[in-house]
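Me: I would like to learn how to read this structure feature by feature. Please give me the general idea each time, and then the case in hand.

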Amino acid sequence: MLSSNNNIKIFIIGPPNSGKTTIANYLADLNKSLSSDYTPTQGVRILELDQIIKTTSKHSRKQQQTNVSIELWDCSGEDRFKTIWPNLSTIANGLILVYDQDNRLTERDIDEWLGYFSLNEKQCMIYAYCKENNKKGKINHKIPVHSVSINDDPDSIKKTFDGFLTQVYLEMQEQLENEQRIITE
Ligand SMILES: Nc1nc2c(ncn2[C@@H]2O[C@H](COP(=O)(O)OP(=O)(O)O)[C@@H](O)[C@H]2O)c(=O)[nH]1
Ligand SMILES: [Mg+2]
């Protein structure tokens, strides 16, 4: 199926209470103050944001700007909702796994979380979320792991997200070109 490149769906998954909703709200410019009451997300909530992606054309080397609309799918981390993920994986363009650095995941846990979605490495990113200035819980994985904190350095969340978005967009473009090549061959 040919996909439109201007609508990008990014799924945010990870254990309950790890910071997924906080990060999604921050990226969508919703609320910037933290509430101490924890309300687990039920199922999934979708946040929409518009953004400009800057890339360099492969052919002319010219700078290009593309307006994209992004859907952030902020998913519940509870086990009972995981069964629908393999189906949703067909519409996902990118996947962000968030874990709390105080409750770090093992490499195997990470593979299990990412395994619900059949996306390639370029379509995935991991946030090691830090609530209390503890930057020790970052683990190594072949998927890039970014240690982030909303209190300490919120800009790094935005910066790493923007970089990831460009990577996802380029990957979508490549997949679209491959689909078009197959059709015209
Ligand atoms: N102290 C502190 N609490 C935080 C921070 N970020 C998030 N929280 C709290 O951690 C809890 C879980 O966050 P949430 O984003 O809802 O996690 P989710 O279940 O992964 O969506 C909430 O009560 C947040 O207010 C932080 O930087 N510092
Ligand atoms: Mg949540």
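Me: Which residues does Gln63 touch, not counting residues up to four places away in sequence?

Reply: Two residues are in contact if their C-beta atoms, placed from the backbone, lie within 7 Å. By that criterion Gln63 touches Lys54 and Thr56, once residues up to four places away in sequence are left out. Before going further, note that this is a predicted model, in which local features need pLDDT of at least 70 and side-chain atom pairs count only at pLDDT 80 or more, whereas totals for chains, interfaces and linings use all residues. Residues are numbered from 1 along each chain as its sequence is written, while chains are lettered from A and ligands numbered from 1 in the order in which they are written.

Me: Where does Gln63 lie, and is Gln63 buried or exposed?

Reply: Helices (H or I, at least four residues) and strands (E, at least two) are DSSP runs, numbered from the N terminus. Gln63 lies in strand 3, which covers residues 63-75. For burial, a residue is buried if 20 or more other C-beta atoms lie within 10 Å of its own, exposed if 12 or fewer, and partly exposed in between, with C-beta atoms placed from the backbone. Gln63 counts as exposed because it has 9 C-beta neighbours inside 10 Å.

Me: How many C-beta atoms lie within 10 Å of Ile96, and what is Ile96 in contact with?

Reply: Ile96, which is found in strand 4, is buried because 26 other C-beta atoms lie within 10 Å. Leaving aside neighbours within four places in sequence, Ile96 is in contact with Ile10, Ile12, Met125 and Tyr127. Distance along the chain and distance in space can then be set side by side: Ile96 and Ile143 are 47 residues apart in sequence and 10 Å apart in space, C-alpha to C-alpha, while the C-alpha atoms of Gln63 and Ile96, 33 residues apart along the chain, are separated by 27 Å.

Me: In what order do the strands of the sheet come?

Reply: Two strands pair if DSSP finds at least two bridges between them. Here six strands form an open sheet in the order 2-3-1-4-5-6, with mixed pairing. Strand 2 and strand 6 (145-148) are the edge strands, each pairing on one side only. From one strand to the next, the twist averages 25°.

Me: Which strands does strand 1 pair with, and over how many bridges?

Reply: Strand 1 pairs with strand 3 in the parallel sense over six bridges, and Asn7 stands opposite Ser69 in strand 3. Four bridges join strand 1 to strand 4, and these two also run parallel; the bridge partner of Ile10 in strand 4 is Gly94. Strand 1 is mostly covered, with five of its seven residues buried. Strand 4 and strand 5, in turn, are parallel and share six bridges, with Ile96 opposite Met125 in strand 5.

Me: Why is helix 1 described as largely enclosed, and what does helix 1 lie across?

Reply: Helix 1 (residues 20-27) is largely enclosed by the rest of the structure because six of its eight residues are buried. Those buried residues are Lys20, Thr21, Thr22, Ile23, Ala24 and Leu27, and what covers them includes strand 2 (44-56), strand 5 (124-129) and helix 4 (154-184). For orientation, axes are lines fitted to C-alpha atoms, for helices over the stretch in contact, and angles run from 0 to 180 degrees between N-to-C directions. Helix 1 lies across strand 1, strand 2, strand 3, strand 4 and strand 5, running at about 145° to strand 3. Helix 3 (residues 107-115) lies across strand 1, strand 4 and strand 5, and runs at about 145° to strand 4.

Me: What is the phi of Asn17, and what is the phi of Asp29?

Reply: Most residues other than glycine have a negative phi. Phi of Asn17, however, is near 70°; Asn17 lies in the loop between strand 1 and helix 1 and counts as partly exposed, with 13 C-beta neighbours inside 10 Å. Asp29 has a positive phi of about 60° although it is not a glycine. Asp29 is placed in the loop between helix 1 and strand 2, and counts as exposed because it has 10 C-beta neighbours inside 10 Å.
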